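Subject: Structure for you to look at

Dear colleague,

I am handing over the structure below, together with some notes on what was found in it. Please read the notes with the structure open beside you.

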Amino acid sequence: MLEALRPKVTLILEDKEIDTTEKLQAVCTLLQENVPYYDWVGFYFKNGDKEELKLGPYAGAPTDHTIIPFGKGICGQVAVSNQNFVVPDVKAQDNYIACSITVKAEIVVPLFVNGKNIGQIDIDSNTADPFSEADERFLEYINAKVAEIL
Ligand code: SME
């Protein structure tokens, strides 16, 4: 399923008719609609010179957490660790920002441009412990492709 989505992501990112924001929006929607355990899909980016993340395009329920300070929550931790963060059970995390009570698991993968961590893709799941290494490799692929157009 994830493998089949890769060429579709590439097609979206190569589309000359739409701008970067529309491309990222289309990628979020593609993933959220086609992966049953991806309930919320969004991009966060470093907010200028500030040590905080700002919400970019996303698909799923609106969130109050449009700004996240570095170090705070799963997203804020990835902004400083530069590492993938797979959370099988959000209830087991102390440093976690709840967006919705239905969320059971989360995965955040940093997005590098020229080796610099400039943002991330964040997926929330209403399914417990749904993520495997296949999700990590898939989301790393997406971020690498997105990096080429930023
Ligand atoms: N749960 C995230 C906050 C962002 S929402 O999932 C959209 C966190 O702990 O950083």
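Around the ligand, the shell divides into eight nonpolar residues, one polar residue and three charged ones, where Ala, Val, Leu, Ile, Met, Phe, Trp, Tyr, Cys and Pro count as nonpolar, Asp, Glu, Lys and Arg as charged, and the others, Gly among them, as polar. The shell includes Trp40, Tyr44, Gly73, Ile74, Ile97, Asp122 and Asp124, a residue being near the ligand if one of its heavy atoms lies within 4 Å of it.

This is a predicted model, in which local features need pLDDT of at least 70 and side-chain atom pairs count only at pLDDT 80 or more, while totals for chains, interfaces and linings use all residues. Residues are numbered from 1 along each chain as its sequence is written, and side-chain values use heavy atoms, with hydrogens and water left out.

As for elements (helices, H or I, of at least four residues and strands, E, of at least two, both DSSP runs numbered from the N terminus), β1 (40-46), α3 (73-81) and β6 (116-125) each supply at least two residues of the shell, and α3 gives the most, with three residues. The protein chain has four helices and six strands in total.

Turning to polar contacts (pairs of N or O atoms within 3.5 Å), a backbone N or O atom of Ile74 lies 2.9 Å from a ligand oxygen atom, and a polar side-chain atom of Asp124 lies 2.8 Å from an oxygen atom of the ligand. A backbone N or O atom of Ile97, in turn, lies 2.7 Å from a nitrogen atom of the ligand.

With best regards

Definitions and conventions:
Polar contact = N/O pair within 3.5 Å; in protein donor to acceptor, adjacent residues only side chain to side chain.
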